[in-house]
Amino acid sequence: MRDTLIDLIRHGEPRGGTMIRGAEADHPLSPLGWQQMREAVGDAAPWDQIVSSPLARCREFASELACRHQLPLVIEPQLHEISMGRWEGRRHREIAISEPKAFINFFRDPAAHRPPGGETLEALVARVGHVYDRLVDQHQGRHLLISAHAGVMRGILGHLLKAEPRHWYRIRIDFAGLCRVRHDRFGAGIQCVNTRRLGDLPID
């Protein structure tokens, strides 16, 4: 049987500038964000199917890409970004001033100190890990693209590596960052993380 390939791509820069975005701050891509995504993917379309988060910053590019290459697209509700609670859509500086202790604790240890009312990393990995395993099981021997978020991608990689959530933030995932996971007879292998161009990801 052919190996199963899963490409993960983070959305590009959203409209509205730098702020804390999670599951509720549903902003579309900025013009730069569209450019980042198009440059990352180029003209390549090696996939059998595209799967996307329901949020606009992932869904709209996935829809355009699927339409352009006549690929099936599935919107997966459980691939939304982690909830950031009452910090959703707020600027970092605003939170640092209004909630300095909570803000400092979060950036020192985001696994132990989540935003007030936010989703835990344990809940995130349970949610996205289940979806990822189901997709791999359903599409054995195929090549999928998952259009998602930095938090979702870290959760999937943490799930595959069996890494504790406190270690996930060692993984840097830029806007339009790419990662390829190969599932073969040896298990799952992460071949390349944060490559900005699809053509740089090895197939063989």
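1. Helix H6 is largely enclosed by the rest of the structure, because nine of its twelve residues are buried. Buried means under 20% relative accessible area, with a 1.4 Å probe and protein chains only. The buried residues are Ala150, Gly151, Val152, Met153, Arg154, Gly155, Ile156, Leu157 and Gly158. Helices (H or I, at least four residues) and strands (E, at least two) are DSSP runs, numbered from the N terminus.

2. A word on the source: this is a predicted model, in which local features need pLDDT of at least 70 and side-chain atom pairs count only at pLDDT 80 or more, while totals for chains, interfaces and linings use all residues. Residues are numbered from 1 along each chain as its sequence is written, and side-chain values use heavy atoms, with hydrogens and water left out.

3. From its first C-alpha to its last, H6 reaches 16 Å, close to the 16 Å expected at 1.5 Å a residue. The expected span is 1.5 Å times one less than the number of residues in the helix. Just after H6, lysine 162 takes a positive phi of about 55 degrees.

4. H5 passes the same kind of check: its 18 residues should span 26 Å, and its end C-alpha atoms are 25 Å apart, which agrees. Among the buried residues of H5 are Leu121, Leu124, Val128, Tyr132 and Leu135. An α-helix has 3.6 residues a turn, so residues three or four places apart point the same way. What covers the buried residues of H5 includes strands E1 (4–10), E2 (49–52) and E4 (143–148), as well as H6 and E5.

5. Isoleucine 146 belongs to strand E4 and counts as buried, at 1% relative accessibility. Leaving out residues up to four places away in sequence, isoleucine 146 touches Ile6, Asp7, Leu8, Ile9, Val51, Leu79, Tyr132 and Leu135; contact means heavy atoms within 4.5 Å.

6. The largest pocket holds about 740 Å³ of space. A pocket is an open set of points on a 1 Å grid over the protein atoms alone, where a 1.4 Å probe fits, with protein on both sides within 12 Å along at least five of seven lines; lining residues have an atom within 4 Å of a point. The volume is the space filled by probe spheres set on the points, which are joined across faces, edges and corners. Of the 29 lining residues, Arg10, Met19, Arg21, Ala150 and Arg154 are the closest to the centre of the pocket. H6 gives the most to this lining, with three residues.

7. What is the make-up of the lining of the largest pocket by class? There are 15 nonpolar, five polar and nine charged residues. Ala, Val, Leu, Ile, Met, Phe, Trp, Tyr, Cys and Pro count as nonpolar, Asp, Glu, Lys and Arg as charged, and the others, Gly among them, as polar.

8. Glutamate 119 lies in the loop between H4 and H5 and is buried, with a relative accessible area of 15%. A polar contact of 2.9 Å joins its side chain to that of arginine 127; such a contact is a pair of N or O atoms within 3.5 Å, where, within protein, one must be able to donate a hydrogen and the other to accept it, and residues adjacent in sequence count only if both atoms are side-chain atoms.

9. Two other loop residues deserve a look. Serine 30, between E1 and helix H1 (31–41), is buried at 6% relative accessibility. Isoleucine 173, between H6 and strand E5 (178–184), is buried with a relative accessible area of 5%.

Notes. Buried means under 20% relative accessible area, exposed over 50%, partly exposed in between (1.4 Å probe, protein chains only).
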